[in-house]
Amino acid sequence: MFTYKGKTVVVTGGANGIGKAIIEAFAQNGANVVIADVDSDKGKELESKLIEKGYPCTFIKTDVQSETEIKNLVAETIREYKKVDVLINNAGISKFHDFFEMTVREWDEIIHTNLRSVFLCTREAAKFMPPSGSIVNIASTRAFMSEKNSEAYSATKGGIVSITHALAMTLSEKRIRVNCISPGWIETNHYNDLREVDHEQHLSGRVGKPEDVARCCLYLCAEGNDFITGENITLDGGMTKKMIYEH
């Protein structure tokens, strides 16, 4: 359905979960894929798996909290593939801390990993993107709805939604598109262990899978969809459309 032959795609947090599904989807559609992740074991494992299947793939160990490592990620990608056509800012950590006990260090860890990394990765990658370049930021429905003690995480996801339309404006001069996906419940580990009630509470009748996010990325980054920019797509099986009252 989509072709990315000759395109270079960088995915942060690409070794596990949603990021891994995104990497695999772009590889299967012809792209040169770059796995950026702090998890060396899983990153190298995925790299080897894809190379064995004949897909061009490179793993670059990257801690997205580090500006230096992000610059190295882009430099290594350019050295290997000459350009960056697609950037998926997927890296993130989900940590909830008691609001009154949360330290500045704990706050900064989440902010730097989830939000500051979007700014840094985009700034560096966009320097080497052609006019058809595309960036997708992975936010969350927690940008719009919350549980207690999720302040830092929710702040990052709300920030990602906002920086998306700001970047779309700024990078429009280079004809680089920037969009955002806000997933709801995406089960990355034990899908077969989910209960029927877990699925039934979604309007779609099921909990989401990493592949759902991957397909949305393929759609948003396709060159023929160049009229979509600055947009946030809520990908949650309809959960945020439900009006729920406690009895």
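Leaving aside neighbours within four places in sequence, which residues is Met129 in contact with? They are Val84, Asp85, Val86, Leu87, Ser134, Ile135 and Ile176, where contact means heavy atoms within 4.5 Å.

## Basis of the model

This is a predicted model, in which local features need pLDDT of at least 70 and side-chain atom pairs count only at pLDDT 80 or more, while totals for chains, interfaces and linings use all residues. Residues are numbered from 1 along each chain as its sequence is written, and side-chain values use heavy atoms, with hydrogens and water left out.

## The sheet

An open sheet is formed by 7 strands in the order β3-β2-β1-β4-β5-β6-β7, and the pairing is parallel. Helices (H or I, at least four residues) and strands (E, at least two) are DSSP runs numbered from the N terminus, and two strands pair if DSSP finds at least two bridges between them. Because β3 (57-61) and β7 (232-235) stand at the edges with a single partner strand each, one side of each is left without a neighbour in the sheet. From one strand to the next, the twist averages 15°.

Strand β1 (residues 8-12) pairs with strand β2 (residues 32-37) in the parallel sense over 5 bridges, and the bridge partner of Val11 in β2 is Ile35. Further along the order, β5 and β6 also run parallel and are joined by 5 bridges, with Arg177 in β6 as the bridge partner of Ser134.

## Helices on the sheet

Helix α1 (residues 17-28) packs on the sheet, where it touches β1, β2 and β4 (86-89), and its direction makes about 165° with that of β2. Helix α5 (residues 151-171) lies across β5 (134-138), β6 (177-183) and β7, and runs at about 165° to β6. For these angles, axes are lines fitted to C-alpha atoms, for helices over the stretch in contact, and the values run from 0 to 180 degrees between N-to-C directions.

## Buried positions

Strand β6 is largely enclosed by the rest of the structure, because 7 of its 7 residues are buried; buried means under 20% relative accessible area, exposed over 50%, and partly exposed in between (1.4 Å probe, protein chains only). Both faces of β6 are covered, with Arg177, Asn179, Ile181 and Pro183 buried on one side and Val178, Cys180 and Ser182 buried on the other.

Met129, the residue of the opening question, lies in the loop between α4 (104-126) and β5, and it counts as buried at 7% relative accessibility. Its C-alpha atom is separated by 7.9 Å from that of Val86, although the two residues are 43 apart along the chain.

## Pockets and cavity

The largest pocket has a volume of about 1,400 Å³, and of the 47 residues that line it, the closest to its centre are Ile18, Ser94, Tyr153, Ile186 and Thr188. On a 1 Å grid over the protein atoms alone, a pocket is an open set of points with protein on both sides within 12 Å along at least five of seven lines, a cavity is a set of points where a 1.4 Å probe fits but cannot get out, and lining residues have an atom within 4 Å of a point. Grid points are joined across faces, edges and corners, and a volume is the space filled by probe spheres set on the points. The largest share of this pocket's lining, 6 residues, comes from α1.

About 220 Å³ of space lies in the second largest pocket, whose lining includes Arg175, Ile176 and Arg177. The structure also holds 1 cavity of 30 Å³ or more, with about 40 Å³ of space in the largest cavity. The lining of that cavity is made up of Val10, Leu73, Val74, Thr77, Val84, Leu87, Cys121 and Ala125, and α3 (67-81) and α4 are the elements that give two or more residues to it.

Most residues other than glycine have a negative phi. Asn149, in the loop between β5 and α5, has a positive phi of about 65° although it is not a glycine, and at 24% relative accessibility it counts as partly exposed. Arg175, in the loop between α5 and β6, likewise has a positive phi, of about 60°, and this residue counts as exposed at 59% relative accessibility.
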